[in-house]
Amino acid sequence: MVANLAPAPLGGVAEPGRCPAAKMAQGRRTVAGARLRYPLTRWAGEISPFGWRYSSARGAWRMHTGIDLISPPGTPVLAVMGGQVARVDTIGGYGIAVIVDHGNGWQSLYAHLQAVAVRPCTLLPAGGQLGWVGRSGSASTDHLHLELRSGTGPSQVAVDPAKYLPRP
Ligand SMILES: [Zn+2]
């Protein structure tokens, strides 16, 4: 499944509706009860969970809107569901990030990448490679920050992906 991909340049944002029409598997209306593909080719060594956490360095609580999968740099990063790449960009603290649109209001975001293997509008099967683990943006160690989002516009919410990921 993981081919010998060459890193691609950062491609920017795919304007909604601007991607060439393509047949893609639409995401389920809900991922409840569904299984996501594991986003790495090996199990993460350590996981930092979704939810509120206290930073003693900042002296403040912060919401962690995804999960961190600690993994060696260069580990292939895979799409958790089939979909179309909506954004490939450097996004603030996320560093080099890819957003995949799965249809029906579901999106996944992969952050702190070392490099990307896709461009906006690229169609990915579940398990298709989109980049490599790194520590770009605000990351103190090499890891994948994975987010799962449901809904559109102001009603978009972050969902804990760990509930739907396979476990070792
Ligand atoms: Zn994170």
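**Figure 1. The hairpin of strands E3 and E4.** Strands E3 and E4 form a hairpin, with four residues between them. In the turn, Gly59 has a positive phi of about 65°. The model shown in this and every later view is predicted. Strand E3 comprises residues 51-55, and strand E4 comprises residues 60-64. The two strands pair in the antiparallel sense, over five bridges. Two of the residue pairs can be named: Arg53 has Arg62 of E4 as its bridge partner, and Trp52 has Met63 of E4. Of the five residues of E3, zero are buried, so E3 lies largely in the open. For E4 the number buried is likewise zero out of five residues, so E4 also lies largely in the open.

**Figure 2. Strand E5 between its partners E2 and E12.** Strand E5 (residues 67-70) pairs with strand E2 (residues 46-48) in the antiparallel sense over three bridges. Within this pairing, Ile47 has Leu69 of E5 as its bridge partner. Strand E5 is also joined to strand E12 (residues 143-150) by four bridges, and these two strands run antiparallel. Here Leu69 stands opposite Leu144 in E12.

**Figure 3. The largest nonpolar core.** This core has 32 residues, and those with the most contacts inside it are Ala97, Val98, Tyr110, Leu113 and Leu130. The elements that give two or more residues to the core are E5, E6 (76-78), E7 (83-90), E8 (96-103), E9 (106-116), E11 (129-133) and E12. Leu130 illustrates how such a residue is surrounded. Leaving aside neighbours within four places in sequence, Leu130 is in contact with Val77, Ala79, Val98, Val100, Tyr110, Val116, Ala117, Val118 and Leu124.

Figure 4. Asn104 is not a glycine, yet its phi is positive, at about 55°. Asn104 lies in the loop between E8 and E9. It has 14 C-beta neighbours inside 10 Å and therefore counts as partly exposed. His112 is not a glycine either, and it has a positive phi of about 65°. The place of His112 is in strand E9. With 24 C-beta neighbours inside 10 Å, His112 counts as buried, because the cut-off for a buried residue is 20 or more.

**Figure 5. Val159 and its surroundings.** Val159 is found in strand E13, which spans residues 157-159. It counts as buried because it has 20 C-beta neighbours inside 10 Å. Not counting residues up to four places away in sequence, Val159 touches Leu148, Arg149 and Ser150. Val159 and Gly51 are 108 residues apart in sequence, but their C-alpha atoms are 9.7 Å apart in space.

**Figure 6. The protein as a whole.** Of its 168 residues, 35% count as buried. Among contacts between residues at least 6 apart in sequence, 68% join residues at least 24 apart.

Notes:
Residues are numbered from 1 along each chain as its sequence is written. This is a predicted model: local features need pLDDT of at least 70, side-chain atom pairs count only at pLDDT 80 or more; totals for chains, interfaces and linings use all residues. A residue is buried if 20 or more other C-beta atoms lie within 10 Å of its own, exposed if 12 or fewer, and partly exposed in between; C-beta atoms are placed from the backbone. Two residues are in contact if their C-beta atoms, placed from the backbone, lie within 7 Å. Two strands pair if DSSP finds at least two bridges between them. A nonpolar core is a set of buried Ala, Val, Leu, Ile, Met, Phe, Trp, Tyr and Cys residues joined through C-beta atoms within 7 Å.
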